[in-house]
Amino acid sequence: MTDLLSVEGLTRHFGGIAAVVNLHFRVKEGEIFGIIGPNGAGKTTAFSMIAGSLVPTVGSIRFRDREIGGWPSQRVVHLGICRTHQIPRPFTGMTVYENVEVGMRYGGRRTPPRGSIADEIERILEFTGLSGWGARPAGSLPTGNRKRLELARALATDPVVLLCDEICGGLNPTETADILSLLRRLRDGGITILYIEHDMRAVMRTCDRIMVLNYGEKLAEGTPEEIQDDEGVIEAYLGRRSWMGRAEPIEERP
Ligand SMILES: Nc1ncnc2c1ncn2[C@@H]1O[C@H](COP(=O)(O)OP(=O)(O)OP(=O)(O)O)[C@@H](O)[C@H]1O
Ligand SMILES: [Mg+2]
């Protein structure tokens, strides 16, 4: 697989806070690349720089052979990089259908042929499990469906690279499993996915490779197996508790 996205020396300061520091990583075409790390580690800030909603303080972001660091988000999305937000941001006064339509008409890489927009929107609503919800105001959706709508709006832009920021946050295990299965289907269909997540079971079962951030810096990168055995990652993020059901917790109650 070839590199689709490469990040070199990416840094972002907010006043005196270094949110992302000298970050380097490469994402291969067609993989699910997980990004994990404690709260405040800089995961969302990194996404925001790639998606164009934050300008890097310094550093390079290359998509294919093009430097896109500092590009505004509307230019980035037209190139085929689209994000979902950690906290869903639908147009609450519009219907679910209209929200997807906006993504398709104004965010898309290409304008679908006249007459096919409705079919394409229905296809996306069906894929994301929102069939039957199209006429509902987006502001009235329960959490699970708001997350689905985030995904649907992003898919409406026909992305090459999809940035998913805690798309399963706040969902129950069944809803999480449904979304993960959608991400795998998208990956198998050729979309490259960067996936920020705190649910370790979800990450380990879904990602092809994982990068760990801590205090804005890369702590480790590797396959799920490599990450779960990395002493530095266990110490800084995963703690001494066992996880993934591999063994009983080390810390026992007295
Ligand atoms: N717009 C902003 N202005 C000032 N500081 C910010 C801003 N956005 C993020 N930060 C700070 O940058 C650091 C990284 O935040 P970021 O949201 O990227 O972390 P995160 O890894 O996504 O965390 P979480 O897992 O809680 O979502 C934090 O210290 C945060 O307070
Ligand atoms: Mg975040």
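A crossing of two helices is called right-handed if the near helix is turned clockwise from the far one by less than a right angle. With that convention in place, let me turn to the structure, which is a predicted model.

The crossing of helices α3 and α4 is right-handed. Helix α3 spans residues 96-107 and helix α4 residues 117-127; their axes come within 10 Å and cross at roughly 115 degrees. On the α3 side, the contact is made by Tyr97, Val100, Glu101 and Met104, which meet Ile117, Glu120, Ile121, Ile124 and Leu125 of α4. By class, these contact residues comprise 7 nonpolar, no polar and 2 charged.

I now move to the sheet. Six strands form an open sheet with mixed pairing, in the order β6-β7-β8-β3-β9-β10. At its edges lie β6 (81-84) and β10 (217-222), each of which pairs on one side only. On average, and ignoring direction, neighbouring strands are turned by 20 degrees against each other.

Within this sheet, strand β3 (residues 32-36) runs parallel to strand β9 (residues 209-214), and 4 bridges join the two. Ile36 stands opposite Val212 in β9. Helix α9, residues 231-238, packs on the sheet and touches β3, β9 and β10; the direction of α9 makes about 125 degrees with that of β10.

Is Leu155 buried or exposed? Leu155 counts as buried because it has 24 C-beta neighbours inside 10 Å, and the cut-off for a buried residue is 20 or more. The C-alpha atom of Leu155 is separated by 27 Å from that of Asn39, a residue 116 residues apart from Leu155 along the chain.

Note on methods. Residues numbered from 1 in each chain as written. Chains lettered and ligands numbered in written order. Predicted model: local features only at pLDDT ≥ 70, side-chain atom pairs only at ≥ 80, totals over all residues. Buried ≥ 20, exposed ≤ 12 C-beta atoms within 10 Å, placed from the backbone. Pairing = 2+ DSSP bridges. Axes fitted to C-alpha atoms, helices over the stretch in contact; angles between N-to-C directions. Contact = placed C-beta atoms within 7 Å. Nonpolar A, V, L, I, M, F, W, Y, C, P; charged D, E, K, R; others polar.
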